[in-house]
Amino acid sequence: MTDSLFPIDPVEPPSAPDAPLAERLRPKSLDEVVGLEDLLGKGKFLRNAIESDRIPSMIFWGPPGSGKTTLARIIARTTRARFVPFSATSSSIKDIKTLMEEARKARRARGSKTIVFIDEIHRFNKAQQDAFLPYVEAGDIVLIGATTENPSFEVNSALLSRSKVVVIPALEREQVMAILHRAVEDPSVRKFGVELTDTALDFIAATSAGDARQALTSLQLVTETASPEDSPVDVAKVKEILQRRSLMYDKSGEEHYNIISALHKSVRNGDADAAVYWLVRMLEGGEDPLYIARRMMRAASEDIGNADPQALVLAVAVKEAVHFIGMPEAGVALAQLVAYLAAAPKSNAAYNGYGAAVHEVRQGDNPPVPLHIRNAPTRLMKDLGYGRGYQYAHDFEEQTAAMDCLPEALKGQRFYEPKESGFEREIKERLEKMRAARKDE
């Protein structure tokens, strides 16, 4: 496979001297990893799987800078597997299939194991994700995906069912401090002759929001920018050098997921002032505005729903505006959206209805579709009774016929119960009229 067009990295080469500090100091072994004791401690599942060379396909889910890529590289290094990093933004279906065939042939010819690592796997579309399935099933590759998004929503269910989801937690402040203390002792940092006070390091740790990469990038900027005459560099000097980068969580150091939770819950609670504030905290900290737009689209359905159907329409429009005009102009559109969502009438009826239906489908017997509402495109299907007894809703005054569309076993089951909120009040009246009409006919 020496003629492969794809980057094969069985054991990654040493980082270049001018590589970012976070790359140069990336841990090379399990014992060097900070912050994943619950996964990599003695006797823990993941450590046992790595040391016994029995790695399953996995999805690493965690915030930025928590060690997902590092862990994947250590796995490849420890198991001596061929490590193939893959890009969601530059890989076609043809590329994927070509690589998969190379991996299949290498396994069958030489027993070579291939770990395919996909950073930001949520950016792969359904067709791209599906292309990996047969090779994961056959054992031709071990797939390791990394994502900051909930894999339940962003990874195909078929691929998800064949992988183990490993939750990678954000680093605690003390753990980031440990990484920084290790970094300042590295020769590539010490050569600049710049010392930092413990309070300065603590400030960098606090403002990194649990992101080791960001913390090391900030440290690199300080040590390469400050003069040795400034040593020891204090908090004031660090703030001066980092400037706006330090504003991300300067006041209290809350992590990324706490802030998006605060934004969503402020919207749900109808607090437009808090919603706009948390929005700006995220944007000023460098958050991806499209990530915020996606979360607000979910809030529009989960918390507002049919109480104000325009909420989702506006959320989609703002997402397009963010994509089209970018930052900083898109910040105003996002502020418009979160203020509107906060003020909108609220209903979680659609959210609850969906959840109830999901529970029934996953836990129930899933009885067959009633014959009278099945389509009958062939003579055989008509002879078997498909479509027999079907009544056309438009032929009735209330636009509903007296027939059950749920299976007999679920007759009378209610999944969607609209509330007396906003436009959903009108929806509730319509549904009640149609339910009553079906009983009278």
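Two strands count as paired if DSSP finds at least two bridges between them. Keep that in mind for the sheet. This is a predicted model.

In E5, Ile59 has Val165 as its bridge partner. Four bridges join E1 to E5, and the two run parallel. On to E4. E1 is joined to E4 by four bridges as well, again in parallel. There, Met58 stands opposite Ile144 of E4.

Now the whole sheet. What is the order of its five strands? Reading across, E2-E3-E4-E1-E5. The sheet is open, and the pairing is parallel. Its edge strands are E2, residues 82–86, and E5, residues 164–167. Each of these pairs on one side only. From one strand to the next, the twist averages 20 degrees.

At the E2 end, five bridges pair E2 with E3, residues 114–119, in the parallel sense. Pro85 stands opposite Phe117 in E3. Which helix packs on the sheet? Helix H4, residues 68–79. H4 touches E1 (58–61), E2, E3 and E4 (142–147). The direction of H4 makes about 175 degrees with that of E3.

Next, helix H13, residues 235–242. The buried residues of H13 are Val238, Ile241 and Leu242. Why do they line one face of the helix? Seen down the axis of H13, the buried residues fall within an arc of 90 degrees, so one face holds them. An α-helix has 3.6 residues a turn, so residues three or four places apart point the same way.

What covers that buried set? The cover includes helix H11, residues 198–206, and helix H12, residues 212–225.

Asp234 caps the N-terminal end. A side-chain oxygen of Asp234 lies 3.3 Å from the backbone nitrogen of Ala236. After H13 comes Gln243, with a positive phi, near 50 degrees.

Be careful just past that point. Over residues 244–254, pLDDT stays under 50. The model has 29 contacts beyond four places in sequence for that stretch. Residues 1–8 also stay under 50. For residues 1–8, the model has 18 such contacts, beyond four places in sequence. Where pLDDT is low, the predicted coordinates should not be read in detail.

One more site: His372. Where is His372? In the loop between helix H19, residues 349–363, and helix H20, residues 379–383. A polar atom of the His372 side chain lies 2.6 Å from the backbone oxygen of Asp404. Leaving out residues up to four places away in sequence, His372 touches Gly387, Arg388, Gly389, Tyr390, Met403 and Asp404.

Finally, the chain as a whole. The protein chain has 21 helices and five strands. Of its 441 residues, 43% are buried. The C-alpha atoms fill a box of roughly 90 × 60 × 40 Å along the principal axes. Take contacts between residues at least 6 apart in sequence: 72% of them join residues at least 24 apart. And confidence? The mean pLDDT of the chain is 84, and 92% of the residues reach 70 or more.

How values were computed. Residues numbered from 1 in each chain as written. Predicted model: local features only at pLDDT ≥ 70, side-chain atom pairs only at ≥ 80, totals over all residues. Heavy atoms only, no water. Buried < 20%, exposed > 50% of the residue type's maximum accessible area, 1.4 Å probe, protein only. Arc of directions from axis to C-beta. Contact = heavy atoms within 4.5 Å. Polar contact = N/O pair within 3.5 Å; in protein donor to acceptor, adjacent residues only side chain to side chain. Axes fitted to C-alpha atoms, helices over the stretch in contact; angles between N-to-C directions. pLDDT = per-residue confidence, 0-100.
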